[in-house]
Amino acid sequence: MLAIEVGPVDVAHTRYAISPLGEVMNALRVAAGKQPAGPLRPWAERIAPQYARLLCETPAVEVLTTLFRRGDYNADFIQPPPSGPGGDFDVELAAVRATPLRQVHAEIARNLVGLRTPPRYVQQILAAPDVLTRLSDAIEATWHALVEPDWPRLRTVLERDLVHRAGHLAMYGWAAALSDLDPRVGWRSEGANGVIEVRTSPRNEWERHRLGGKGLLLMPTVFGTLISYVEPPWPYALVYPARGVANLLGQLPPQGSAAALARLVGPHRARVLRALAVPATTTQLARQLGLSLGTVGGHLAVLRESGLVTRTRTGRSVRYERTPLGGTLAGD
């Protein structure tokens, strides 16, 4: 259980970033069955052949999956938070490759404590002098096989979430920005200050930290779940599930209210309406849903005429969002 003390200055110093490297590691967790796929099950089924081929061609990928664990320490050097705004996989991978070997061995040893003894070939790679190179190459191969083909669509969803989250923090404060971040994250106000509470385990002991004016790094993820960084040398950071993922990389067969919505407005318009869980431009929706700009624009026009969505111009961009009626029909 984490309690992170926040002061007035921390709002101004809080920043947001997109981490393609983080998405690689989180996607690998889903592909390896280390994390429930949930709404991304169609994606996991689609990439299963690529994942099987990846394991055969790059054995160190399985070594990475061996290190994955939930509710306990995971080696930080294979998934460090970006030092800047992020978004460049090559820059992030270069930082991994530059990790001091002493740090690599120390974090691997800590990661393995309490885990079942891995197979001999995994132990051999972890103990090899070139372990960092092998693991870095495995991360790069995973990027090319599982994430890079869908990256434009993934990045669109992440960018939309960042705009939404930053706007809520700037306009309404921490309580609003954290309200739907994750069920395990809460906010407790203490006068001019406050505390971010992160329920990382069922234990009742609270581990206290203080941002101290450095702000917090917030990073949305398409594939992942809640991850917290509170140990030096990393900045204080929270990785959280992005909104608007359900219709991203393949959809489950419509059921319940989703099926009724599809019958009411048509399957494609239903997809557009449900994708507007986060406000978006026509271009962003087209990338996310894999439809043409003209098709998305036509569906938005009908939904707008029906009172289900509205549009707002900001500079040269026009963003669409659901009306209360649209949100009700979408089942949110």
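The legends below describe close-up views of a predicted model.

**View 1. An open sheet of 4 strands.** The strands are arranged in the order β3-β4-β1-β5, and their pairing is mixed. β3 (185–190) and β5 (207–210) are the edge strands, each pairing on one side only. From one strand to the next, the twist averages 25 degrees. In a regular strand, side chains alternate between the two faces of the sheet.

**View 2. The hairpin of β3 and β4.** Strand β4 covers residues 193–198 and pairs with β3 in the antiparallel sense, over 6 bridges. The two strands form a hairpin with 2 residues between them. In the turn, G191 has a positive phi of about 70 degrees. Two pairs of residues can be followed across the strands. V185 stands opposite V198 in β4, and S189 has G194 of β4 as its bridge partner. β3 is also an edge strand of the sheet, pairing on one side only.

**View 3. D150 in the loop between α9 and α10.** Helix α9 spans 131–147 and helix α10 spans 151–172, with D150 in the loop between them. D150 counts as buried because its relative accessibility is 10%, and buried means under 20%. The side chain of D150 makes a polar contact with the side chain of R46, at 3.3 Å.

**View 4. S317 in strand β10.** S317 is found in β10, which comprises residues 317–322. At 35% relative accessibility, S317 counts as partly exposed, since that class runs between the limits of 20% and 50%. T281 is 36 residues away from S317 along the chain. The C-alpha atoms of S317 and T281 are separated by 7.1 Å.

**View 5. The largest pocket.** The volume of the largest pocket is about 1,000 Å³. Its lining consists of 36 residues, and G71, D72, Y73, N74 and S228 lie nearest the centre. The elements that give two or more residues to this lining are α2 (20–31), α7 (101–112) and β7 (227–229). By residue class, the lining of the largest pocket has 13 nonpolar, 10 polar and 13 charged members.

**View 6. The second largest pocket.** About 350 Å³ of space lies in the second largest pocket. It is lined by 17 residues, among which P39, G224, P241, A242 and V245 lie nearest the centre. The lining of the second largest pocket divides into 11 nonpolar, 4 polar and 2 charged residues.

**View 7. The largest cavity.** Rolling a probe the size of a water molecule over the atoms shows where empty space is left. The count here comes to 1 cavity of 30 Å³ or more. The largest cavity has a volume of about 80 Å³. Its lining is made up of S19, G22, E23, N26, Q79, P80, P81, M219, P220, T221, Y229 and V239. At least two residues of this lining come from α2 and at least two from β6 (217–221). The lining of the largest cavity comprises 6 nonpolar, 5 polar and 1 charged residues. Helix α2 also gives two or more residues to the lining of the largest pocket.

Technical notes: Residues are numbered from 1 along each chain as its sequence is written. Side-chain values use heavy atoms; hydrogens and water are left out. Two strands pair if DSSP finds at least two bridges between them. Axes are lines fitted to C-alpha atoms, for helices over the stretch in contact, and angles run from 0 to 180 degrees between N-to-C directions. Buried means under 20% relative accessible area, exposed over 50%, partly exposed in between (1.4 Å probe, protein chains only). A polar contact is a pair of N or O atoms within 3.5 Å; within protein, one must be able to donate a hydrogen and the other to accept it, and residues adjacent in sequence count only if both atoms are side-chain atoms. On a 1 Å grid over the protein atoms alone, a cavity is a set of points where a 1.4 Å probe fits but cannot get out, and a pocket is an open set with protein on both sides within 12 Å along at least five of seven lines; lining residues have an atom within 4 Å of a point. Grid points are joined across faces, edges and corners, and a volume is the space filled by probe spheres set on the points. Ala, Val, Leu, Ile, Met, Phe, Trp, Tyr, Cys and Pro count as nonpolar, Asp, Glu, Lys and Arg as charged, and the others, Gly among them, as polar.
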